[in-house]
Amino acid sequence: MNRQATERTSRFVLEVSGLNYGIKRRTLFDNLHMTVAPGETVAITGASGSGKSTLLACILGLTKPDGGRIVVAGQDLTRLRHAQLAKLRNQKIGVVFQFGELLPELSPVDNVALAPMLSRENSADAYRKARTLLNELGVPDACTTAELSGGEHQRTAVARALINQPDLVLADEPTGALDPEASERTASLLFDLPKKRACGLLLVTHDLAVADRADRVLHLHDGALTARNRPQQEGTP
C-alpha cells in the first residue's frame, strides 16, 4: 500500500494561503499561511478556543473560510462543489479524531472497509485491504469496536484513515483520551506514517511532548501561526 513520493504532482500535499475566518465579530484566522509536504509531520498547538479544530474543519471543507485558498493534493477545495469536496475528502484526506468516531456496533474490519466501499470499491478487495491494515497495526479481531481497548480503538481509527491511501492525514487530539502507554504507541504510529507512506501528517494537540515529535511545530495565537521553539532546539546555532 506504500506510495512513492515521486508519484506526487505537487511540492506540497497541503497549501493554506491568505486564510481568513471569523465568528461573532471574533477573528480566528487573519491571513494565515502554512504548508505540509509529502513525508512531513507538522504539529499545531494553541490554547483552547484558538481555532485549531476549526482550521482542520476548513481543511476538510466542512467550514467555509471568509477568504484565502486551501489546496489539498493540488486541488483548491474552496472552489469545489459539495460532491467534489466529498470525493476529495474520501480519496485524498484521512482523519483521526480524539475519540476515534468509529461505529460502535460494527467490527473493526467493518469500520475500516466502509470507506473504500463508499468509493464503490469491490467489497472483497475492501475487506482484504482492511484486514491487512489492521494486522499491520496490531488490532485484534473483535465482533464490535466496543470490545477494543482505547489504544486498539485509535489504531482502528488510524487504519480507517489510511485505507484509501490519502495524500494528507489530519489528526485532532488523537492521544487526548488515552492513557500514557496507549498515547505513546499511538503517537509513534502516527509520526511513522509519512515516511512509510509518503503522505503528510498535520496533527493538532495540547500535549507538547507529542507535538515535539513533529518535524515542525506551529503555534496558533491571535489568528496567526508562528514556529514554536522546542526545548531540544534551544541553544542550537
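This is a predicted model: local features need pLDDT of at least 70, side-chain atom pairs count only at pLDDT 80 or more; totals for chains, interfaces and linings use all residues.
I started with the crossing of H3 and H5, which is right-handed. By class, I get 3 nonpolar, 2 polar and 1 charged residues in that contact.

H3 covers residues 108–118 and H5 residues 150–162, and they pack at an angle of about 20° with their axes 8 Å apart. That makes the two helices, H3 and H5, roughly parallel, because angles under 35 degrees count as such. Which residues meet there? From H3 I noted Pro108, Asn111 and Val112, and across from them in H5 Thr156, Ala159 and Arg160.

Then I moved on to the sheet. I find an open one of 4 strands, ordered E2-E1-E4-E5, with antiparallel pairing. I checked how E5 is held: 2 bridges join it to E4 (residues 67–72), and the two run antiparallel. Within E5, aspartate 76 has valine 71 standing opposite.

Last stop, H1. Where does it sit? I see H1 lying across E1 (14–23), E2 and E4, at about 60° to E2. Is H1 mostly buried or exposed? I count 6 of its 8 residues (52–59) as buried, so the helix is largely enclosed by the rest of the structure. The buried ones in H1 are Lys52, Leu55, Leu56, Ala57, Cys58 and Ile59. I also jotted down that glycine 61 follows H1, with a positive phi near 80°.

How values were computed: Residues are numbered from 1 along each chain as its sequence is written. Side-chain values use heavy atoms; hydrogens and water are left out. Buried means under 20% relative accessible area, exposed over 50%, partly exposed in between (1.4 Å probe, protein chains only). Axes are lines fitted to C-alpha atoms, for helices over the stretch in contact, and angles run from 0 to 180 degrees between N-to-C directions. Angles under 35 degrees count as roughly parallel, over 145 as roughly antiparallel, 65 to 115 as roughly perpendicular and the rest as oblique. A crossing is left-handed if the near helix is turned anticlockwise from the far one by less than a right angle, and right-handed if clockwise. Contact means heavy atoms within 4.5 Å. Ala, Val, Leu, Ile, Met, Phe, Trp, Tyr, Cys and Pro count as nonpolar, Asp, Glu, Lys and Arg as charged, and the others, Gly among them, as polar. Two strands pair if DSSP finds at least two bridges between them.
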